[in-house]
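Here is a short tour for a reader new to this structure. Look over the sequence and the fold first, then read on.

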Amino acid sequence: MDATDPPPPPPPPPLTRKRGREARKSKEAAPPREPRRARSRSHVPPPPGAGDGRGEDGEEDVGFDLISRLPDAVLGDIISRLPTKDGGKTRALSKRWRPVWRTAPLNLDAGDLAPDANGAALAVLVTQILLVHAGPVRRFCIPAQQIHERPAMVEGWLGSRRFKNLEELEFTVPEDPFYGRSFLLLPPPPSTFRFSATLRIAAISQCSLPDCTATLALRFPQLRLLSLQEVIVSEHSLHSIIAGCPALEGLLLKRSFGFRCLRINSPTIRSVAFHSPCCGDHCVWKVGFHLEEVVIEDAPCLERLIHIERAMGLGVNVTVIAAPKLEACVLDDLDDGYYRLDFGKVVFKGFAVINYTTPVSSIKILALIRDNLRLDRVIELMRCFQCLEKLYITASHYGATNCWRRKHWRKHKSLDICLKTLVLDNYRGLKSQINFATFFIRNATKLENMIFTGGRSNGNAYFIARQQKLLEFEKRASKTAHFHFTTKKCYYDWVHIKDVYDLSIADPFECTC
């Protein structure tokens, strides 16, 4: 330290804790402190239209929360987005919430109310709710069976003034595909089409749609999702309905009849899922036509083109002319070449490549369904989809041996596999399956997850330990790859599209059950 520097300050006195009388005296000598201001959020001034936090009898609610300070319109919107039962239970939260449900937009899902109730009991319950509730109806979902058993009652419900701005209308069918099909299909209630200006989601089931003419031209300017399930509709009417939906984003055709061809010309559609049903002698509705051809003429936003629940022996020719953003599709060859997929530059008949010029670079998610799957066919497909990131394989049998080290060593050396996720369904640890899986384990350099789904043995510790040794995980090409063995408990076969809301799922093959 320099001599000219000032001396350092003296050290502070040591901190000591006062005890007993000395502490009490110091507290008494200290000036009185002002009372601390309460930090309760209930003192935040309520926004306009939120009320004063008092119930119907004028008593102030104890423990008043911030959410209850929201305006009635916001609370009503929250309630309308809850399931029907949960929305009704909000009346028990507090006196503030008690009157909101009766005037909030109604979300009425009859299936959520009493899934096991018969038709008559369900109709009585729906009527009682509509009598008690005084607000507008935002969503109305009832079984399609009510249309045939109580057409006058359904027309009376839909004819109410509270349905004026209906946004979601659904006529649902039971899960069992053979339940309740003995009746003839009737047209939907006349009041159905008066909501065309406000509907955003429509699911029409077990109906016979009228032919669209110059006098009956259906227009749905705000419709985003459309589902036609077990519907009889002519080809002209189907295309007229699609053309009358300028904002359509998702289309689901499931077990519907009366048309042979589906043509898509839509600047907004993102997802199309279709099903080619059987309409033979054992079919209830003798209409004579089933879906045979799908043509994507112009769909600049289309991302998912999914073929679901195909009847055995009925194939569909799919032609994609213009869909630059198409990412997910299905290759189906359960009946040896009945399914044809034409991308223009690549044409498939089943799994066989019958024409190839350049690969399809937009496809990132692919599902392969075949009875007997051979590795050489899959390697050939990988060359056609060089940007593939997710591959789902469902096969009841694999090739005889699927040996590849000598037979395909030249092919796989020049093949750049971009796969990040590979799912093998019905995996049982057979030699052909082990050889099949080992090819991707040893050659997929970007692999992140490989999932083996199968029977109960897939959850057995001994089975998993043995498969880890046989599959040679330590020799994997991707050091970041993870391997999972799961027992299949999924309700679906390969496509996870149950209703119209599932059309917005980015990956329709990923199991989230």
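His307 touches Phe274, His275, Ser276, Val316, Val330, Tyr339, Trp494 and Val495, leaving aside residues up to four places away in sequence. The model is predicted. His307 sits in strand 10, which covers residues 304-307. Is His307 buried or exposed? Its relative accessible area is 2%. His307 counts as buried because that value is under the 20% cut-off.

Next, the nonpolar cores. In soluble globular proteins, nonpolar side chains tend to be buried together. Here the largest nonpolar core has 111 residues. Those with the most contacts inside it include Phe140, Leu262, Phe385 and Phe452. Phe452 touches Leu424, Tyr427, Ala437 and Asn458, among others. Its contacts also include Leu471, Phe473, Phe483, His484, Phe485 and Thr486. Residues up to four places away in sequence are not counted for Phe452.

Now a pair of helices. Helix 10 and helix 12 pack at an angle of about 30°, and their axes are 10 Å apart. Helix 10 is therefore roughly parallel to helix 12, because angles under 35 degrees count as such. The table gives both sides of the contact.

| Helix | Residues | Contact made by |
|---|---|---|
| Helix 10 | residues 375-384 | Leu375, Val378 and Ile379 |
| Helix 12 | residues 431-443 | Phe436, Phe439 and Phe440 |

What kinds of residues make up the contact of helix 10 with helix 12? Six are nonpolar, with no polar and no charged residues.

Conventions: Residues numbered from 1 in each chain as written. Predicted model: local features only at pLDDT ≥ 70, side-chain atom pairs only at ≥ 80, totals over all residues. Heavy atoms only, no water. Core = buried A, V, L, I, M, F, W, Y, C linked by side-chain atoms within 4.5 Å. Buried < 20%, exposed > 50% of the residue type's maximum accessible area, 1.4 Å probe, protein only. Contact = heavy atoms within 4.5 Å. Axes fitted to C-alpha atoms, helices over the stretch in contact; angles between N-to-C directions. Helix = DSSP H or I, 4+ residues; strand = E, 2+ residues; numbered from the N terminus. Parallel < 35°, antiparallel > 145°, perpendicular 65-115°, else oblique. Nonpolar A, V, L, I, M, F, W, Y, C, P; charged D, E, K, R; others polar.
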